[in-house]
Amino acid sequence: MKSIVLSSVVMALLVFSGCSSKEPVVDIKAQETQSEGVQEVEAVEAVETETVSVEDSMVESQTNTKSMSEIENKLSAIYFAFDKFNIDASMKEQITVAAAISKGDASSYTLKLEGNCDEWGSDEYNFALGLKRADAVKKSLVAEGVDSSRISMVSYGESNPVCSDKTQECWSKNRRVNFKLLP
Amino acid sequence: MKVLFFIFMLVSLLFANDATIQVIKKVDSLPSIAVEDASINYDDTFRTRFFKSLIADLNVISIFNVDRHHRVTHYNAANVLVENKDMDYVLRYSMSENDDGELKITIKLINSNEEVFSKTYKVSKKNIYMFISHAISYDVNEYMGESSVEWMKRKVIFSRIVSPHESEIVIADYTLSYQHVIIKGGFNVFPKWANRSQDAFYYTALDASSPTLKHVDISTSKVTNVISSDGMMVCSDVSDDGKTLLLTMAKEGQPDIYTYSTLTQTYKRETFYAGIDVNAQFMNRDTIVFVSSRLGYPNIFSKKLNTNEIEQRVYYGRSNSACSAYGEYIVYKARETSNAFSDNTFNLHLISTKTDFIRRLTAVGINEFPRFSKDGDAIIFIKNYKSQSSIGIIRLNHNKNYLFPLKYGKLQSMDW
């Protein structure tokens with residue numbers, strides 16, 4: 001058992017020396033039960049730590065990273081009204097710009113749309129609201145001629161705020177869809 | 001006459017346990033209990049810590065008026081302390097440390113100077129003393145013949161947002177005094193126990209190329225990818241036998257509810273509405289409740305699996321965006337204020353599908369993510385109030401709420 005633990009720790013060190021800190025670490029503690037005479041005793045945790053690496057590693061070339069972030073900076077976020085997922089008329093122009101960039105400079109990348117919400121609720125409904133926002137942006141981009149197979153989506157609900165003040169301005173900044181480029 | 005009396009008793013029994021009926025005042029009739037510390041080892045700090053944990057647990061079982069004075073005595077003293085002579089019950093305990101550093105606790109429950117119950121507990125390290133405290137309270141509750149508080153011994157699993165795009169998944173006791181971070185790094189949310197024995201769990205990894213449901217076996221530390229979906233992936237509920245999962249997935253960008261068989265590893269779409277359908281929970285083996293925007297605002301509906309029968313379940317509140325079910329009971333989160341410009345209040349409400357009663361369970365702050373205990377005795381929920389994130393426990397039949405604050409981070413979701 002010790003050798004397994006040791007080897008897994010060594011493996012973990014090898015793996016983590018080459019990975020970013022974003023890799024999830026699974027820390028497992030086994031449960032053990034003891035007994036004392038006739039009395040029942042409680043379940044407890046023991047002291048064993050193993051590390052498991054995860055498969056999704058991102059490898060980008062240096063030149064791509066730079067140009068990607070430059071293009072990304074030109075794609076400004078699309079903002080939404082409270083509890084809504086339809087695109088406001090004031091945001092149409094930004095969609096048109098984003099569609100033009102997607103078909104132009106960014107045509108060799110895939111596009112990831114990240115839906116976000118304000119802080120009112122961590123439940124699934126809020127995640128779904130973020131997703132419907134991303135989906136509304138996707139549909140608008142497709143209507144402007146962007147190939148739908150190049151677009152993926154994710155919702156972060158309220159878990160990825162750009163602003164954490166308790167103000168109206170701050171909440172409205174969090175109700176947004178961000179554009180990310182993937183190679 | 002006998003028949004009439006029998007019918008009367010039957011009707012009384014039928015309504016006696018309706019959890020939507022609120023118990024207003026019961027405190028005066030509760031028996032009193034005091035706790036006497038007869039520990040051999042350990043310093044005052046640790047002794048006080050254990051005492052406080054035990055007092056808190058005895059309060060949560062809600063069957064005693066608990067005396068809060070920390071008094072010291074000898075374990076084998078013939079009489080209870082003079083200050084406690086009017087108490088209905090005295091719980092005396094002794095903590096000792098053996099050569100291996102194990103913490104051993106012996107207890108006896110005294111009623112009218114007679115020992116009526118005794119037991120010994122042992123854990124490998126003193127820093128997990130809270131599990132003994134929970135076990136003692138559980139056993140005292142059992143001895144008193146009250147409805148089971150099995151949930152007290154269960155573990156809570158929750159995700160905590162530590163910074164934007166980064167979270168931890170933590171296993172804790174129900175008071176959060178024991179916490180073990182089991183997954184660290186990355187953006188992982190919606191943990192859910194995979195079975196009743198709590199030796200495995202599911203969670204959603206948002207860092208993968210598309211949101212992915214993962215399964216972690218705690219005993220072997222094996223992590224398996226279960227299923228992925230573009231846009232959204234949540235394991236909302238697991239059937240009692242662990243064989244069927246209720247998922248929210250968003251194939252084609254459309255959040256809908258799916259059932260997933262862990263045996264055949266196949267899924268089936270259960271809802272087809274073009275808006276939002278999420279948060280499915282088993283009411284029983286064949287029926288689920290879920291949140292849907294099909295009326296233009298989020299509300300609670302039920303569906304019989306394998307049929308197209310969908311029924312609106314809640315008729316109060318204009319924005320009900322989370323729910324949990326146990327038998328005939330549904331607890332749901334309702335937005336009490338609808339303000340884009342200032343703080344909003346979200347409260348939990350309890351309804352029975354067999355009566356028209358609605359019971360409001362919380363009063364202030366954002367109360368969300370309600371989950372029934374496996375035995376339906378209690379509801380656990382997340383409370384966010386004035387920048388503080390807490391886990392709350394509602395004892396339905398005792399009309400009591402307890403809050404256990406989180407030291408840092410914000411609770412995203414949890415299960416127990």
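Analyst: Quick bit of bookkeeping: helices (H or I, at least four residues) and strands (E, at least two) are DSSP runs, numbered from the N terminus. With that, B:Leu295 sits in the loop that links strand E19 (287-292) to strand E20 (299-304) of chain B. The model is predicted, so local features need pLDDT of at least 70 and side-chain atom pairs count only at pLDDT 80 or more, while totals for chains, interfaces and linings use all residues. Residues are numbered from 1 along each chain as its sequence is written, with chains lettered from A and ligands numbered from 1 in the order written.

Is B:Leu295 buried or exposed? It has 11 C-beta neighbours inside 10 Å, so B:Leu295 counts as exposed. The cut-offs, with C-beta atoms placed from the backbone: 20 or more other C-beta atoms within 10 Å is buried, 12 or fewer is exposed, and in between is partly exposed. B:Arg318 comes 23 residues away from B:Leu295 in sequence, and their C-alpha atoms are 9.8 Å apart.

B:Ser62, between helix H2 (44-60) and strand E2 (65-66), has a phi near 60 degrees, positive although the residue is not glycine. B:Ser62 counts as buried because 20 C-beta neighbours fall inside 10 Å. B:Ser221, in the loop from strand E12 (212-217) to E13, also has a positive phi near 60 degrees without being glycine. With 19 C-beta neighbours inside 10 Å, B:Ser221 is classed as partly exposed.

Pairing here needs at least two DSSP bridges between the strands. E10(B) and E11(B), residues 200-205, have 4 bridges in the antiparallel sense, and B:Lys192 has B:Tyr202 of E11(B) as its bridge partner.

Strand E28 (388-395) and strand E29 (400-405) of chain B pair antiparallel over 6 bridges, with B:Ile391 opposite B:Phe404 of E29(B). The hairpin has 4 residues between its strands, and B:Asn399 in the turn has a positive phi of about 55 degrees.

H2(B) packs on helix H3 (129-143) of chain B at about 35 degrees, with the axes 9 Å apart; axes are lines fitted to C-alpha atoms, for helices over the stretch in contact, and angles run from 0 to 180 degrees between N-to-C directions. The crossing is right-handed, meaning that the near helix is turned clockwise from the far one by less than a right angle (anticlockwise is left-handed). Among the residues making the contact are B:Phe50, B:Leu54 and B:Leu58 of H2(B) and B:Tyr129, B:Met130 and B:Ile136 of H3(B). A contact means C-beta atoms, placed from the backbone, within 7 Å.

What about the core? A nonpolar core is a set of buried Ala, Val, Leu, Ile, Met, Phe, Trp, Tyr and Cys residues joined through C-beta atoms within 7 Å. The largest has 140 residues, and those with the most contacts inside it include B:Leu91, B:Leu247, B:Cys323 and B:Val331. Helix H4 (124-143) of chain A gives the most to this core, 9 residues. Leaving out residues up to four places away in sequence, B:Val331 touches B:Cys323, B:Ser324, B:Leu348, B:Leu350, B:Pro370, B:Phe372 and B:Ile379.

Zooming out, chain B has 3 helices and 30 strands. Its C-alpha trace spans about 75 × 65 × 50 Å along the principal axes, and 44% of the 416 residues are buried. A compact globule of 416 residues would have a radius of gyration near 22 Å, and chain B agrees at 23 Å (taken over C-alpha atoms; the rule is 2.2 Å times the number of residues to the power 0.38). Of chain B's contacts with a separation of 6 or more, 39% join residues 24 or more positions apart.

Technical notes:
Two residues are in contact if their C-beta atoms, placed from the backbone, lie within 7 Å.
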